[in-house]
Amino acid sequence: MNEKHYELLKKFALDGNPVSCDRYGFGHINETYLVVTDVKHRYIFQKLSTRAFKDVPGLMNNIYLVTSYLRERTEDPYGVMTVIKTLDGGIFLEDAGEYWRLYDFVEGSVALQAPRNTQDFYESAIAFGEFQTKLDGFPVEKLVETIPNFHNTVDRYRIFKETLAKDPCGRAKDVQAEIDFVLAHEEEMGTLQRMRESGELPTRVTHNDTKLNNVLLRETNYKPLCVIDLDTVMPGLSLYDYGDSIRFGAATAAEDEKDLSKVTMSLEMFRIFTEGFLTACTTLTDKELEMMPMGAKTMTMECGVRFLTDYLDGDHYFAVHREGQNLDRCRTQFKLVSDMESKWEEMHQIVKEVSGR
Ligand code: ADP
Ligand code: GN1
Ligand code: MG
């Protein structure tokens, strides 16, 4: 194990002496490590992205408050993330401008990179839906916005256009078709933001990053165990959580698939997720239900815009493992948006059938 990691780990209240610390998981934002101690206790150790998060103390305080609140409403000790404190009682460690935190490893769990079948996706809908329901009474004024305007699609467009105007890497000339696609959708993609501002859609405490690998399922039966990646828990729209899950889990190919003919939005997966989400979230308003397809489309488009912005900017935000990966990711998102457009009526019909409203 690297000496620096060892020194940092020794500052946390560990059970045993750390013997290994290896890169772990498939997140795009933080640097994640699996730590094992000599008494075989496992932990998740993370260096937080300061590119993404400008207020780590505020973020960690959010997580501490939210996990404490959830713990009172959850039976299984592994059903909520546990923050391991430092020896002097801190909930994170600051070292030379870097921020580190430690979580107990949720034993007996799996994080899926894609649903193996419809049931897996259904269970993730139950997990994220219940997460939102459990946080219904949480005092929202106690949370800081860890990434301001995170799902403000109008602002995402502003940043995109600003980056495009600068074109710092000279990449814009090769992606004119993608740029045109983004601009052609601008007006429509501001719909949810305008409805949030006018109060037509209620602001709730939401997770905001409901990718399938941000929920841990039980290893034994693939039932929901623990919602993780709480960095973006803050006020938002229910449709952000619903839509982001559809974006990722209803896609028939990986987020960075190069062969776009493989990328479609499965209506079967759309239906099953909608069933699970509405089973777990019973208080959605008629307007929220009506806008569910728009939630899926907006979150997909917004994510594509973010990938394209990062590509133009030189790949500083999302972790990339090969050249052009952010461009490939943006292309799959735009393909999904087009596919949703061709299935728009069916999507609405499914929401009506499932909700009975
Ligand atoms: P990122 O913000 O980069 O996505 P995550 O917090 O989602 O980072 O962690 C990355 C991956 O590490 C997750 O997808 C999951 O596989 C794994 N992971 C994170 N926390 C835990 C935990 N407490 N127990 C088990 N696995 C975890
Ligand atoms: C990031 O952190 P991770 O990998 O679970 C991103 C999400 C994107 C997603 C795309 C804080 O999620 O918003 O939808 O990548 N998280 C943050 O895969 O920006
Ligand atoms: Mg994650």
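Colleague: Which elements each supply at least two residues of the shell around ligand 2, and what makes them helices?

Modeller: They are α8 (238–249) and α11 (292–313), and α11 gives the most, with 3 residues. A helix is a DSSP run of H or I with at least four residues, and a strand a run of E with at least two, both numbered from the N terminus. This is a predicted model, in which local features need pLDDT of at least 70 and side-chain atom pairs pLDDT 80 or more, while totals for chains, interfaces and linings use all residues. Residues are numbered from 1 along each chain as its sequence is written, chains are lettered from A and ligands numbered from 1 in the order written, and side-chain values use heavy atoms, without hydrogens or water.

Colleague: What is the strand order of the open sheet, and why do β1 and β4 count as edges?

Modeller: The order is β1-β2-β3-β5-β4, with antiparallel pairing. β1 (18–23) and β4 (93–95) each have a single partner strand, so one side of each is left without a neighbour in the sheet.

Colleague: How do you know that β2 and β3 pair?

Modeller: Pairing requires at least two DSSP bridges between two strands. β2 (residues 31–37) and β3 (residues 42–47) have 6 bridges in the antiparallel sense, so they qualify as a pair.
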